[in-house]
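Here are my notes for a colleague who is meeting this structure for the first time. Please read them with the sequence and the model side by side.

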Amino acid sequence: MYFTFNGTSSEQYGLKVKASNHLSRPAKKIESISIPGRTGNLIIDDGSKENLSVELVCLLDCRANSNISVVAKQIGAWLQDPIGYQTLTMYDGMSFKAVCTNQIDISEIIDNFGEVSIRFDATEVSE
């Protein structure tokens, strides 16, 4: 399993998706107001949704590419250098407009093989 961000596939960096929550649904954006003397809150719902926090846990295999520290810098530049929303497409075709919001945490498991946690703040692209 892989993903594409800003036109570049995670496979280029030796990243394979181990776990993802991209199938989760975003919360509704509602305002709930308590009014004295009224049973139940007044709900204001404009039909919009909150952004989704897409979290990916990936395995990183650098044996064919390079040293893991070099690839870590390349992954950081790929995910964090673009300004604003970019297209994030998952292996199953689901697409989002997304921005990478966290530091790129890479844990080396064995020599040139590691685990990476990536988080995107995303809105689903309408079909």
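Predicted model: local features only at pLDDT ≥ 70, side-chain atom pairs only at ≥ 80, totals over all residues.

1. Lys-97 faces Thr-123, a residue of strand S10, across the pairing. Strand S10 covers residues 113-124 and runs antiparallel to S8, with five bridges joining the two; strands are taken to pair if DSSP finds at least two bridges between them. Lys-97 of S8 also has Thr-87 standing opposite.

2. Residues are numbered from 1 along each chain as its sequence is written, and side-chain values rest on heavy atoms, with hydrogens and water left out.

3. Strand S7, residues 86-90, is an antiparallel partner of S8, residues 95-100, and four bridges link them. The two strands make a hairpin in which four residues lie between S7 and S8, and the turn includes Gly-93, whose phi is positive at about 95°.

4. In the protein as a whole there are 10 strands and one helix, where helices (H or I, at least four residues) and strands (E, at least two) are DSSP runs numbered from the N terminus. Their order along the sequence is β-β-β-β-β-β-α-β-β-β-β. The protein is more spread out than a compact globule, because its radius of gyration is 19 Å, well over the 14 Å that the globule rule gives for 127 residues; the radius is taken over C-alpha atoms, and the rule is 2.2 Å times the number of residues to the power 0.38.

5. Along the principal axes, the C-alpha atoms fill a box of roughly 65 × 30 × 25 Å. Of the contacts with a separation of 6 or more, 63% join residues 24 or more positions apart, a contact being heavy atoms within 4.5 Å.

6. Buried residues account for 30% of the 127 residues, with buried meaning under 20% relative accessible area (1.4 Å probe, protein chains only). Is Thr-8 buried or exposed? Thr-8 counts as buried because its relative accessibility is 18%. This threonine, Thr-8, belongs to strand S2, residues 8-9, and, once neighbours within four places in sequence are set aside, Thr-8 is in contact with Phe-3, Tyr-13 and Trp-78.

Methods
Buried < 20%, exposed > 50% of the residue type's maximum accessible area, 1.4 Å probe, protein only.
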